[in-house]
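User: I'm new to this one. Could you walk me through it and tell me what backs up each label?

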Amino acid sequence: MLGTVEAVWLAALALLLVGILGSLVPGLPGPALSLAGVLSYWWATDYTTPGTLALAGLVALGLLGLAADWFAAPLGAKAGGASTRTTAIAGVVGFVLLFVLGPLGVVVGVAGTVFLLELRGSGDPRGSLRAAGTATVAVLGSALAQLVVTGAMLVGFLLVA
C-alpha cells in the first residue's frame, strides 16, 4: 500500500508528464502543470524535498517556461513588424482555431491572421509575409522552449525527489 508521500510523488510525476504534453498542446499550461507537480511534492514532504537549491532551480525553470508560453508569440509578431492590434487578434484567432483544427489551428490562425491584417493595413505583401513568418516561428519556438524546460524539470525532479 502506498503512503501519502509516495502517492503525492506519483501525482507529482503525473503532473510533470502532463506538463511535457502541455508544452506541445496549445492551451494546456505545460510549465504551470510541471510547477504544480514540483510544489505539491515539496508541500507533501513538509518542505524538505526537493532541497532549497533544487527547488529554486526547478521553480526558475518553470517560470522561464511560463514566460516562453506567454510572451514568445506576441514578441515574435512584434519583431516581425506586426502591430499590437494584429498580434492581439492573431492570438484570439489562434486560440479559437485550436478547438477547430487542434494544435495546427494555432499556427494557421496566427500566421494567417497576421498576414491578412498586416496586408490589409500596409498593402505590402513581403512585409506581411515576413511578419506572419516571424510570428509562426515564435509560436513554434515557444513550444520547443517549453518542451525543453518541462523535460528538464522532469529530469531534475527525478534526480532530487
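This is a predicted model: local features need pLDDT of at least 70, side-chain atom pairs count only at pLDDT 80 or more; totals for chains, interfaces and linings use all residues.

User: What makes the pattern of the chain α-α-α-α-α-α?

Analyst: The chain has six helices and zero strands. A helix here needs at least four residues in a DSSP run, and read along the sequence the pattern comes out as α-α-α-α-α-α.

User: Why is the 14-residue set called a nonpolar core?

Analyst: Its members are called that because they are buried residues of nonpolar kinds, joined through side-chain atoms within 4.5 Å. Leu16, Val38, Tyr41, Met153 and Phe157 have the most contacts inside this largest core. Helix 1 (4–24), helix 2 (30–44), helix 3 (52–79) and helix 6 (125–160) each supply at least two of its residues. Apart from it lies another core of eleven residues, including Ala82 and Ala135.

User: Which residues does Leu16 touch, leaving aside its neighbours within four places in sequence?

Analyst: Leu16 is in contact with Ser34, Val38, Met153, Leu154 and Phe157. Contact means heavy atoms within 4.5 Å, so each of those residues meets that cut-off with Leu16.

User: How do you know how helix 4 and helix 5 pack?

Analyst: Two numbers describe a packed pair: the angle between the axes and the distance between them. For helix 4 (residues 84–101) and helix 5 (residues 103–122), the angle is about 145° and the axes are 7 Å apart. Their crossing is right-handed. By class, the contact has twelve nonpolar, five polar and three charged residues.

Definitions and conventions: Residues are numbered from 1 along each chain as its sequence is written. Side-chain values use heavy atoms; hydrogens and water are left out. Axes are lines fitted to C-alpha atoms, for helices over the stretch in contact, and angles run from 0 to 180 degrees between N-to-C directions. A crossing is left-handed if the near helix is turned anticlockwise from the far one by less than a right angle, and right-handed if clockwise. Ala, Val, Leu, Ile, Met, Phe, Trp, Tyr, Cys and Pro count as nonpolar, Asp, Glu, Lys and Arg as charged, and the others, Gly among them, as polar. Buried means under 20% relative accessible area, exposed over 50%, partly exposed in between (1.4 Å probe, protein chains only).
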